Amino acid sequence: MTAIRLDGVTKRYGDVTAVNDLSLDVKEGEVFGFLGPNGAGKSTTIDLVLDFIRPTSGTVTVLGHDAQAESIEIRNRTGVLPEGFSVYDRLTGMQHLEFAIEAKDADDDPAELLDRVDILDAADRKAGGYSKGMAQRLGLAMALVGTPDLLILDEPSSGLDPTGAREMREIIREEQERGATVFFSSHILGQVEAVCDRVGILRDGELVAEDSIEGLRANVGDGTTLRVETTSLPSAAVQQVRDIDGVGGVERDGETLTVDCDRNVKTTVITTLENAGATVADFDTEEASLEDLFVAYTRGGVTA
Ligand SMILES: Nc1ncnc2c1ncn2[C@@H]1O[C@H](COP(=O)(O)OP(=O)(O)OP(=O)(O)O)[C@@H](O)[C@H]1O
């Protein structure tokens, strides 16, 4: 079954097209990362899924229900951590949880949820005095109320320190293990790589990729960056490396050469340098990082 399906969805604000003809399927039980630079349309998409706003055209189906006609059924089965979640300053953490449990007519133990996000110690403090990370943890605990089938988390690691971000990933995994679908947006690529089964990348309101991280890597190519340290580097050797088929950028910094190339020409680069009189002292290679992939997709160099 499909947890979230968008079919040809467009959302316009006057002459701004926030989301353009977006079709997307998030499968039940998967962790789906929704990536894109600022203004790409991630929050707009989430708001459409939750029926906070309505599409200009197209349809949105969530957990088998029409997002507009059956939004109550959807909300009862969905936990949401909105972007920039803000607390009620005068209520304690515990009161926030009690409120969320009552609103959802759920029977969770508030203390257990606060403990799960590691702020049980602060349960009786007014949330107005919480740090940004504590408030974010509280928001996550509220999203977990009622054991939702679908968790929608908009920039969940915002404000979290590295430990908080790791705990967030653990909770996402635990939720998936119990059968929930998790849809979350982020620009923090490491977060996405660590927990997602698949990712969708938005650019200017359009989906430019929908794949696993490995699939994205394969599509971008097998680019490698080779860093070669030499003790002598004749300019002619550098020129010969530039002429090799499969070599992209070549940058020289003193006696060090950085070469962007296909994986299968690494050895050719080294032997060419040596044959042209360079003395290679050391070299290492770097695979394309998720950061590189993100830039490749969002700057428009690649399409799915
Ligand atoms: N209520 C609105 N009125 C007018 N334009 C809007 C409105 N909401 C969003 N937009 C525009 O739609 C586009 C997409 O915005 P959106 O907030 O969905 O992006 P985002 O990917 O969530 O960005 P960020 O990562 O910065 O949160 C932007 O150009 C934004 O200015």
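Me: Which elements of this predicted model each supply at least two residues of the shell around the ligand?

Reply: Strand 2 (16–27) and helix 1 (42–49) each contribute at least two residues to that shell. The largest share, 3 residues, comes from helix 1.

Me: Which residues surround the ligand?

Reply: The ligand is surrounded by Tyr 13, Val 16, Ala 18, Gly 36, Asn 38, Gly 39, Ala 40, Gly 41, Lys 42, Ser 43, Thr 44 and Glu 83. By class, the shell around the ligand holds 4 nonpolar, 6 polar and 2 charged residues.

Me: Which residues of helix 3 and helix 5 meet?

Reply: Helix 3 brings Gly 93, His 96, Leu 97 and Ala 100 to the contact, where they meet Leu 138, Ala 141 and Met 142 of helix 5. Sorted by class, the contact of helix 3 with helix 5 comprises 5 nonpolar and 2 polar residues, with no charged residues.

Me: At what angle do helix 9 and helix 10 pack, and are they roughly parallel or roughly antiparallel?

Reply: Helix 9 (residues 235–242) and helix 10 (residues 266–275) pack at an angle of about 150 degrees, with 9 Å between their axes. Angles over 145 degrees count as roughly antiparallel, and helix 9 and helix 10 are therefore roughly antiparallel to each other. Helix 9 passes helix 10 in a right-handed crossing.

Me: Which residues make the contact of helix 9 with helix 10?

Reply: From helix 9 come Ala 237, Gln 240 and Val 241, and from helix 10 come Val 269, Thr 272 and Leu 273. This contact has 4 nonpolar, 2 polar and no charged residues.

Me: What does the domain assignment of the protein chain give?

Reply: The assignment gives domain 1 (2–213) and domain 2 (222–287). The C-alpha centres of domain 1 and domain 2 are 45 Å apart.

Key: Residues numbered from 1 in each chain as written. Predicted model: local features only at pLDDT ≥ 70, side-chain atom pairs only at ≥ 80, totals over all residues. Near = placed C-beta within 6 Å. Helix = DSSP H or I, 4+ residues; strand = E, 2+ residues; numbered from the N terminus. Nonpolar A, V, L, I, M, F, W, Y, C, P; charged D, E, K, R; others polar. Axes fitted to C-alpha atoms, helices over the stretch in contact; angles between N-to-C directions. Parallel < 35°, antiparallel > 145°, perpendicular 65-115°, else oblique. Left-handed = near helix turned anticlockwise from the far one by under 90°. Contact = placed C-beta atoms within 7 Å. Domains from an automatic or database assignment.
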